[in-house]
Structure formats: C-alpha cells, structure tokens
Amino acid sequence: MTRFSSPDAIRDAFSKAMSLMYQQEVPQYRTLLQLVKEVNARYLQAHPETFADADSAPELNRLAVERHGAIRLGKAQELATMRRLFAVMGMYPVSYYDLSAAGVPVHATAFRPVDARSLQYNPFRVFTSLLRLELIDDDGLKQKVSQILDQRNIFTPRLLELLEIGHAQQGLTAAQADEFVAEALKTFQWHSEAQVDGATYQSLLDQHRLIADVVSFKGPHINHLTPRTLDIDAVQRQMPAYQIVPKESIEGPPPRRVPILLRQTSFKALSEKITFTDNSEGRHTARFGEIEQRGLALTPAGRALYDRLLQQPTAGDKAAGLAANFAAFPDDMHELRRQKLGYFSYRLSAGATLPEQASREQLQSLIDDGTIEARPVVYEDFLPVSAAGIFQSNLGSERGAAGKGHPNQLAFEQALGCAVIDEFSLYQQLEEASLAAIFDRP
Ligand code: OOG
Ligand code: NI
C-alpha cells in the first residue's frame with residue numbers, strides 16, 4: 001500500500017507557501033502579520049483565560065496558522081477546475097454569496113475545510129468569486145471579454161496531470177503533494193505583464209475596475225490574505241504607526257463583549273506597475289491585506305437579527321449608530337444560548353462524570369451545576385455585506401455600469417459542477433455531534 005499525504009497536510013503546506021509568496025510580493029502584508037502577532041500576544045497576556053484549558057494547544061496553533069485569501073475567476077471552467085484543486089486539500093465550497101446586489105458583478109463561494117478536526121488543524125479558506133458576464137451591458141465589450149477568457153488557461157499542464165493522478169490513485173504521495181503545492185501556487189501568483197494591450201485594459205477599467213482585474217491577467221492572482229486577530233480594534237488603531245493605511249471603518253458587527261460572526265478591516269490596495277502586450281506601461285490597483293476577528297456562529301434566527309440590525313438606519317455617527325442599533329442583540333453568552341441565537345459545542349467538564357440517568361432534557365441544569373461546559377462555535381464563513389465593503393474599498397470608486405443583479409445560485413452551481421454546502425447545517429452538525437458524544441451512550 002502506498003501512503004498518501006493527508007488533505008489536511010497538503011492544505012497546511014499550501015497555505016504556508018501562499019503566505020510566504022504573498023509576503024514577498026506584498027511586503028506590507030509581512031508588516032501586518034507582525035502587527036497581528038504582537039496584538040494577539042498582548043491580548044493573551046491581558047486575558048490569560050482565553051485559551052486557558054488544558055487542551056487549548058490546538059486552538060493556539062490554529063490562531064497562529066489561520067488565514068483566508070481571495071481570488072476572482074473569469075469563466076465557469078476555471079471554477080470547476082478550482083473545485084478539484086481545492087478538494088485535494090480537503091476544501092469544499094460552502095455558501096453562496098451574491099455581490100451583485102452591491103453593484104459588484106460577481107457571485108462567490110468559500111472553499112474551506114468542513115469537519116471539526118480539519119478546521120482545528122488549519123482552517124485555511126479561499127473566498128472565490130466568478131465574474132458574471134451577463135451583468136456587463138456593453139455587448140461589444142462582453143464579446144471581447146469572453147474571447148480573451150476563452151483563450152486563457154490559468155493552470156499549468158503538470159497541475160492538471162496531478163489532478164488526474166490524484167483522482168485515479170485516490171490520493172497523492174508525499175513527493176506528488178510537494179509538486180502539487182508548487183504547481184498550484186503558480187496559478188495564484190502575480191503577473192506584472194498583462195495579457196491585453198493598454199487600450200483594452202482601459203476599456204475594461206472604464207466598464208468596472210473589477211472586470212479589468214479579472215480579465216487583464218494570465219491568472220487569478222491572490223488579491224489578499226487575512227490573518228486572524230483577537231483584537232481588531234487594536235490592529236485598526238495601530239496600523240498607521242506601522243506605515244499601513246487602514247480602510248476607514250471596520251466591517252461587520254460593532255465591538256461587543258461576546259464577539260459574533262466576523263469583523264474585518266483592510267489596508268488599501270497597492271498601486272503596482274504593469275506592462276501591456278503593446279509594451280506600454282500602466283498601474284493596477286488590486287492587491288491588499290486584510291485582518292479579521294472571528295466570533296460566535298449564529299443560528300438562522302441570530303443571523304436574521306444580525307441582518308436586520310445591520311440594515312437599520314443609523315443616527316448620526318456611523319460607528320456610534322451601529323453600536324446603538326446592536327444594543328438589541330444580546331451580549332451575554334448565557335442569553336445568546338438561551339435564545340438560541342448562536343451555536344455551541346458541549347463537553348463534560350474536566351473530571352466530571354455524567355449522572356447515570358442524565359438526558360438531553362437536563363442539559364441546562366447540567367450546565368448550571370458545572371457538569372457540562374458550553375463553548376461558542378467559531379464562525380468559519382463570510383458576510384456578503386462586509387465582502388462588498390471590502391471589494392469597494394479596494395476597487396476604488398465605481399466606474400462604468402455594472403447592472404444591479406439578482407442572485408443566481410443555480411448558474412453558479414452549474415459552473416462549479418456541484419451544489420454549495422449550507423453553512424448552517426455544518427454548524428448544526430457540529431453542535432449535534434458534541435451532544436451525541438455526551439448523551440448517546442451505547
Ligand atoms: C473578495 C472580498 C471578500 C472577505 O473577506 O469578505 C473577502 C475580493 O475582494 O475578491 O475576501
Ligand atoms: Ni477577505
């Protein structure tokens with residue numbers, strides 16, 4: 001029997017290689033990593049209870065390796081192959097995100113690990129969006145774009161071979177996995193030589209900056225990487241001291257005692273020199289760095305409340321108004337659980353044994369008497385309104401017209417070649433499995 005590398009190990013190697021590559025390509029990202037590391041260390045010093053459990057080593061490790069990235073694809077076939085590429089690393093498409101509501105002509109999914117152990121090992125995710133040609137209203141340009149994209153191949157021949165080999169063997173050997181990581185990385189790397197001439201670039205840009213970014217290059221360069229911090233307000237405050245220009249405001253919920261979902265901010269995209277096929281030169285603004293703080297995963301009821309409060313008009317100052325609106329969202333672990341607004345994972349407290357006759361109906365009293373502990377399940381996904389804010393802050397002011405769209409999940413899944421996984425069902429399963437491990441005795 002040949003031994004194969006585990007998908008977790010390949011994902012871990014890939015995410016580390018990607019981070020190294022991006023640190024070289026975008027030195028400000030290296031600075032950002034340093035800042036986040038310092039802020040996290042200070043936070044843990046000030047809050048030693050954070051990962052105080054005996055079994056918290058994996059969580060600390062997770063914090064150190066955790067990040068997400070994003071790419072923007074041009075055509076269905078690219079997305080379908082990307083799905084196979086990510087599957088090798090144990091990453092599957094979760095959730096459908098419609099960005100067209102915010103005037104960004106893409107829809108998206110996030111490829112990520114789905115089971116608890118893989119998430120703990122390395123939760124690397126890639127937000128992957130697909131251009132929606134049908135939202136370009138200029139017919140001539142639309143035709144030109146599809147011609148350019150038709151001719152593009154963003155994967156190396158060897159990578160395609162390795163995908164076939166992996167499929168036939170049902171795995172990759174260690175040597176093949178190394179080669180896979182190196183070949184896959186090439187798809188995500190930056191090319192300063194555009195695959196269009198200067199005039200074409202300009203016409204794409206005039207339609208929408210995003211279209212220029214997707215169509216003008218040989219590959220879907222990784223456009224940002226995002227480490228996870230325990231204190232995003234501190235990172236946001238300190239960025240200028242590190243010569244990093246932060247986005248004006250943090251996306252997502254306001255600061256709270258119990259963090260929920262996801263808060264994100266970024267630094268402004270770099271303006272980079274590029275050369276066109278006619279040898280003329282220009283500048284392109286696409287690549288940036290982002291930071292995020294993750295909190296409790298919300299149930300559909302919690303999410304509905306979040307969405308409602310986020311959309312509520314704010315009085316006066318935006319940040320203060322948002323905080324005032326969110327006063328209606330319980331900010332206490334016990335209350336969040338009692339009102340079933342979030343998902344929790346349960347386990348027996350250290351040294352505790354479950355009474356003989358105990359059943360799920362007694363969950364609350366077993367928590368009250370300290371037999372069982374409830375811990376918040378971390379949100380692993382993304383927020384479309386935040387994502388649109390991140391897109392817009394880095395694409396600069398809107399140019400041209402991107403038709404306001406409507407979601408089209410079916411078309412996205414046809415391009416992908418499968419249905420996306422429902423995020424709520426994953427969190428529900430996690431909670432359920434933790435209860436089953438306590439109560440379903442043989
Ligand atoms: C993706 C923006 C979405 C996030 O963290 O919400 C995203 C992009 O700009 O391509 O990464
Ligand atoms: Ni992001």
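**A tour of the ligand 1 site**

The shell around ligand 1 holds five nonpolar, four polar and two charged residues. (Ala, Val, Leu, Ile, Met, Phe, Trp, Tyr, Cys and Pro count as nonpolar, Asp, Glu, Lys and Arg as charged, and the others, Gly among them, as polar.) This is a predicted model: local features need pLDDT of at least 70 and side-chain atom pairs pLDDT 80 or more, while totals for chains, interfaces and linings use all residues. Residues are numbered from 1 along each chain as its sequence is written, chains are lettered from A and ligands numbered from 1 in written order, and side-chain values use heavy atoms, without hydrogens or water.

Select the shell. His 68, Ala 70, Arg 72, Phe 127, Asn 223, His 224, Gln 264, Glu 290, Phe 382, Ala 387 and Phe 391 surround ligand 1, each with a heavy atom within 4 Å of it.

Now show the polar contacts (pairs of N or O atoms within 3.5 Å). A polar side-chain atom of Arg 72 is 2.8 Å from a ligand 1 oxygen. For Asn 223 the distance to an oxygen of ligand 1 is 3.0 Å. For a side-chain N or O atom of Glu 290 it is 3.1 Å. The protein covers 100% of the 320 Å² of accessible area that ligand 1 has on its own (Shrake-Rupley method, 1.4 Å probe).

Colour by element next. Strand S1 (67-73) and helix H16 (384-395) each give two or more residues to the shell. S1 gives the most, three. (Helices are DSSP runs of H or I, at least four residues; strands are runs of E, at least two.)

Finally, go to Phe 14 and Phe 188. Phe 14 is in helix H1 (residues 7-25) and Phe 188 in helix H8 (residues 174-188), 174 residues apart.

Definitions and conventions:
Polar contact = N/O pair within 3.5 Å; in protein donor to acceptor, adjacent residues only side chain to side chain.
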